[in-house]
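Me: I am new to this structure and would like to learn how to read its features one at a time. Could we take them in turn, with the general idea before the particular case?

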Amino acid sequence: MSEAPLLKVRDVSKFYGQRIGCKEVTFDLWPGEVLAIVGESGSGKTTLLNCISTRLMPSTGSVEYAMRDGSIRDLYHMGEAERRFLMRTDWGFVHQNPADGLRMTVSAGANVGERLMAIGNRHYGNIRSTALDWLTRVEIGTDRIDDAPRAFSGGMRQRLQIARNLVTGPRLVFMDEPTGGLDVSVQARLLDLVRGLVNDLGLAAIIVTHDLAVARLLSHRMMVMKDGHVIEHGLTDRVLDDPREPYTQLLVSSILQV
Ligand SMILES: Nc1ncnc2c1ncn2[C@@H]1O[C@H](COP(=O)(O)OP(=O)(O)OP(=O)(O)O)[C@@H](O)[C@H]1O
Ligand SMILES: [Mg+2]
C-alpha cells in the first residue's frame, strides 16, 4: 500500500428533510483496500455509498480523491464532465440490480466494449477480443457475446455487470449488495469470483452488505452503521471476532435479523 489514502471522507452527512440518511461519517480508504459497510435495513448504507461515489450530493462534508496523476481532488467541487469521466474510467459501480448497471437490450459484448470506447479505444477487433477475454474471466461462455443481458440468468447478469465495470481497469469499485438478489449457491460463486478479481487487480473497493459473511470474505476493514451513524469501525476480523459495541455484538451473534 502507498503512503497516501485514495479517498478521504470527512464529516459526510445527508439529510432527507428531517430524516437522517447518514451523519458525520469520516474515514480514509487506502489503495488496494476493501472496506465493507454493514448494518440493518435503513441504517444509511446506500445513502453513504451514493454520497461517497458522488451519485448523491451530501448535505455537508467533503470527499477527496487521489487521481492517477497523484493530484488530490475535492469530488464535490469537480466539474461535471470530469466527474463523469472519473466514474466511467477510474471507478466502477456495481448495483444490486444488474438492470441498473447494464444496458439490457444491447449485446453482452457491447456492454463491455462500450466502456472501452469511453476511454478512447476505437479498434473493433481489440475491443471484441478484450470483451471476450472479460466474459471468460467472469465465467460467461464466449458464445453468448452477441446475446443481450435480458436473455441471461440473474447470476450471469451480475457477472456481466462486474465485467463491464472492471474492463477499464478502475482503481476503485463501489458495490451495493452485489449478491443481494441471487440465491445462495450463486452468491457463493460470485463472491469467490469477486474476491479473486479484487485480489488479482489490486482494486480498492467499498462494499455495502447486510451479510456479515460477505464482509468477512471480502473486506479488510468494516464499518457498522446504525440509524445513519457509524457506530463501530475496525479491521474486519477484529470487529467480527471481538465486537466492542453492544449493537455489533447483537449483529454478530445473529440475534438481530439484518
Ligand atoms: N430518497 C429518499 N428520500 C427520503 N428518505 C430516504 C431516501 N432514501 C433513503 N431515505 C431514508 O434514509 C435512511 C437510510 O436509507 P438507506 O437506503 O441509505 O438505508 P440502507 O442501509 O441502504 O438500507 P437497505 O439495507 O434496506 O438497503 C432511511 O431512513 C430511509 O428511509
Ligand atoms: Mg441499501
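Me: Which residues have the most contacts inside the largest nonpolar core, and how many residues does that core have?

Reply: As a general idea, nonpolar side chains in soluble globular proteins tend to be buried together. In this structure, which is a predicted model, the largest nonpolar core has 35 residues, and those with the most contacts inside it are Trp134, Val138, Leu160 and Ile162. At least two residues of this core come from each of helix H4 (108–118), helix H5 (124–137), helix H6 (154–166), strand S7 (172–176), helix H7 (184–201), strand S8 (204–208) and helix H8 (212–218). The most is given by H7, which supplies six residues. Apart from this core lies another, of 30 residues, among them Phe27, Leu75, Val208 and Met225.

Me: With which residues is Leu160 in contact, if its neighbours within four places in sequence are left aside?

Reply: With those neighbours left aside, the contacts of Leu160 are Leu102, Ala108, Asn111, Val112, Leu135, Ile140, Pro149 and Phe152.

Me: Which strands does S7 pair with, and is the pairing parallel or antiparallel?

Reply: The general idea is that strands of a sheet pair through backbone hydrogen bonds, either parallel or antiparallel. Here strand S6 (residues 91–94) is joined to S7 by four bridges and the two run parallel, while S7 and S8 also pair in the parallel sense, over five bridges.

Me: In what order do the four strands of the open sheet come, and why is one side of S2 and of S5 left without a neighbour?

Reply: The four strands of this open sheet follow the order S2-S1-S4-S5, with antiparallel pairing. Strand S2 (19–29) and strand S5 (72–74) stand at the edges and have a single partner strand each, so one side of each is left without a neighbour in the sheet. From one strand to the next, the twist averages 20°. Within the sheet, strand S1 (residues 7–16) and strand S4 (residues 60–66) run antiparallel and are joined by five bridges, and Arg10 stands opposite Ser62 in S4. Helix H1 (residues 45–52) lies across S1, S2 and S4, and runs at about 125° to S1.

Me: How many helices and strands does the protein have, and why can it be called as compact as a globular protein of its length?

Reply: The protein has ten helices and ten strands. Its radius of gyration is 18 Å, close to the 18 Å that the globule rule gives for 258 residues, so the protein is as compact as a globular protein of that length. Along its principal axes, the C-alpha trace spans about 55 × 40 × 40 Å, and buried residues make up 50% of the 258 residues. Among contacts between residues at least 6 apart in sequence, 66% join residues at least 24 apart.

Me: Which residues does UniProt list for the domain in its entry?

Reply: The unreviewed UniProt entry lists residues 7–252 as "domain: ABC transporter". Over residues 7–252 the chain is 40% helix and 26% strand, and the end C-alpha atoms are 28 Å apart.

Methods. Residues numbered from 1 in each chain as written. Chains lettered and ligands numbered in written order. Predicted model: local features only at pLDDT ≥ 70, side-chain atom pairs only at ≥ 80, totals over all residues. Heavy atoms only, no water. UniProt positions renumbered as here; feature names shortened; annotations may be inferred. Core = buried A, V, L, I, M, F, W, Y, C linked by side-chain atoms within 4.5 Å. Buried < 20%, exposed > 50% of the residue type's maximum accessible area, 1.4 Å probe, protein only. Contact = heavy atoms within 4.5 Å. Pairing = 2+ DSSP bridges. Axes fitted to C-alpha atoms, helices over the stretch in contact; angles between N-to-C directions. Rg over C-alpha atoms; globule rule 2.2 N^0.38 Å.
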